[in-house]
Amino acid sequence: MQRQDFYFDLPESLIAKAPTAERRGSRLLCLDGTTGALGHRQFAELPDLIAPGDLLVFNDTRVIPARLFGQKASGGKLEILIERVLDEHRALAHIRSSKSPKPGSEIFLEDGSRLSMVARHDALFELEFPAEGVLPVLERQGHMPLPPYIDREDTETDKERYQTVYSRNAGAVAAPTAGLHFDDEMIQSLRDKGVDTAFVTLHVGAGTFQPVRVDDINTHKMHSEILDVSAEVCDAVKACRARGGKVIAVGTTSVRALESAAASGQLKPTQGETEIFIYPGYDFRVVDRLITNFHLPESTLLMLVSAFAGYNNAMNAYRQAVAEEYRFFSYGDAMLIERNPAVDPAEVGAGQADD
C-alpha cells in the first residue's frame, strides 16, 4: 500500500489543543470491524461496553518533562528534546539550534546547570548530565513535551493531564494518549464489574510523531522503543482466553507491546526494544479490541488502526469523525474498535513484525 492511501482531510479546527474539563469527558466512536457499523457514545459509558471477564491492558509508562531550553558557551540559544534516558547520567536527545554543538562542548540550562555533548549518533546527541542525574534535572528544569501540533507553551495543567493516572515507569517523551481518558474511579468501577487489568510498559519516543517519508509503506523503517511485557501480563492474557474473555488494548502502544511479545507465535515475557510496524495485512495474535485516539493522516498509527479494523472500515470511520466534528489527536476524543475477524488472534500468521 502507498502512504497516500492513508490521507484524509482534517480541518485545523478539529485538532484538540487542550484537554476536556474531566478525563472521561470525551466522546467515543465505536467501530465494529466485522460490519463497519459506527456508534456514537460518550467515553463515560465505556464500562457499559466492557464485559466481566475481559482484560484491559494499559501502558504504564510515565512521561518525563523532556524539553529543555539553554544556550551554548557562545551564547547561541538551543532547545533540547530528550529521546531516551540511557542511564542515570546520560541521555540521547534531539537538539534544535542554529549550529549543532560539537563533542566536548558544554550546554548551559536556564538555571545554570551544565550538560556536556559527548557524541553524535546520526540525528541524536548523547548528553552527559551533572552528578545529580538526568531525571532530577528534568524534574527541576524540564517542560512537558507536548506534541508538535499543540502549538502553545506547556502549562501546569499539562503536568497532570498529559500523564495517565496509572503512570509509574518514567521514560516516555510522549503520552500513551488513549489512557488519558481514564480516571481512578472508572478503573475501579471496571474492576468492580469483574474486568481484569494488566500493565505493560512501552516508552513512547518522539519518533511516534515522525511522518512516513516513503511512498511504499513496505519500505518504511520504524523507530525503536523500549518495552517490558512481564510474565504476569502473559498469564493474565492466557487466563482471559481460558474464560472466554476479550483482550482489550488501551492504546496503540499496548498493541505494539503485546504483539511484539507474541512475534515468535507465542506470547512470552519480553524485555528490550521493538521496531514492530503494523499495517494492513498484519495477522494479530493477541488483541481483540482496541481503545485509541484519532491519529494523524498518513501516520503509522493510522496504519495500525487500519490493520486492526480493516482499511475501508477505518478510513470511513475517520471521514465520519471529521463530519461529526470529533476532536483529534492527543487531547482529543477516542475510539473503541472491535477487531476485523479476518484473522483469529489465537492463530499465527506471517504479518509484518520487526523486533
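Tutor: Let us begin with helix α8, which lies across β1, β2, β16 and β17 and runs at about 150 degrees to β1. Helices (H or I, at least four residues) and strands (E, at least two) are DSSP runs, numbered from the N terminus, while the angle is taken between N-to-C directions, from 0 to 180 degrees, using lines fitted to C-alpha atoms, for helices over the stretch in contact. The model is predicted, so local features need pLDDT of at least 70 and side-chain atom pairs pLDDT 80 or more, whereas totals for chains, interfaces and linings use all residues. Residues are numbered from 1 along each chain as its sequence is written, and side-chain values use heavy atoms, with hydrogens and water left out.

Student: What makes helix α7 "mostly covered"?

Tutor: Ten of the ten residues of α7, which spans 300-309, are buried, a word that means under 20% relative accessible area, with exposed meaning over 50% and partly exposed in between (1.4 Å probe, protein chains only). Among these buried residues are Thr-300, Met-303, Ser-306 and Phe-308. The cover includes β1 (27-32), α6 (252-261), β16 (289-293), α8 (311-323) and β17 (334-338). Helix α7 also lies across β1, β16 and β17, running at about 150 degrees to β16, and is followed by Gly-310, whose phi is positive, near 95 degrees.

Student: How do you know that Val-305 is buried or exposed?

Tutor: Val-305 belongs to helix α7, and its relative accessibility is 1%, so Val-305 counts as buried. Leaving aside residues up to four places away in sequence, Val-305 touches Leu-290, Thr-292, His-295, Gly-310, Ala-314 and Ile-337, where contact means heavy atoms within 4.5 Å.

Student: Why is Ser-224 also called buried?

Tutor: Ser-224, in the loop between β12 (196-202) and β13 (225-229), has a relative accessible area of 18%, and therefore counts as buried. Not counting residues up to four places away in sequence, Ser-224 touches Arg-84, Glu-273, Thr-274 and Glu-275.

Student: What makes the link between the side chains of Ser-224 and Glu-273 a polar contact?

Tutor: The two side chains are joined at 2.4 Å, and the term requires a pair of N or O atoms within 3.5 Å; within protein, one must be able to donate a hydrogen and the other to accept it, and residues adjacent in sequence count only if both atoms are side-chain atoms.

Student: Why is β2 called an edge strand of its sheet?

Tutor: The open sheet has nine strands in the order β2-β1-β17-β16-β14-β3-β12-β13-β15, with mixed pairing; strands pair if DSSP finds at least two bridges between them. At the edges stand β2 and β15 (270-274), each with a single partner strand, so one side of each is left without a neighbour in the sheet. The twist averages 25 degrees from one strand to the next.

Student: How do you know that β1 and β2 pair?

Tutor: They share five bridges in the antiparallel sense, and His-40 in β2 is the bridge partner of Leu-29. The two strands form a hairpin with five residues between them, and Gly-36 in the turn has a positive phi of about 85 degrees.

Student: Why is the pair of Phe-43 and Phe-182 called edge-to-face?

Tutor: The structure holds 18 aromatic pairs. Rings of Phe, Tyr and Trp (its six-membered ring) pair if their centres lie within 6.5 Å, and planes under 30 degrees apart count as stacked, over 60 as edge-to-face and the rest as tilted. The centres of Phe-43 and Phe-182 are 5.3 Å apart and the planes stand at 85 degrees, so the pair is edge-to-face. This pair links Phe-43, in the loop between β2 (38-42) and α1 (46-49), to Phe-182, in the loop between β11 (169-172) and α4 (184-193), 139 residues apart. Phe-43 is buried, with a relative accessible area of 0%, and Phe-182 counts as buried at 0% relative accessibility.

Student: What makes Arg-27 a residue whose charge sits over the ring of Tyr-326?

Tutor: The charged end of Arg-27 is 3.8 Å from the centre of that ring, and the rule asks for NZ of Lys or CZ of Arg within 6 Å of the ring centre and within 35 degrees of the ring normal. Arg-168 lies over the face of Phe-199, at 4.9 Å from the ring centre.
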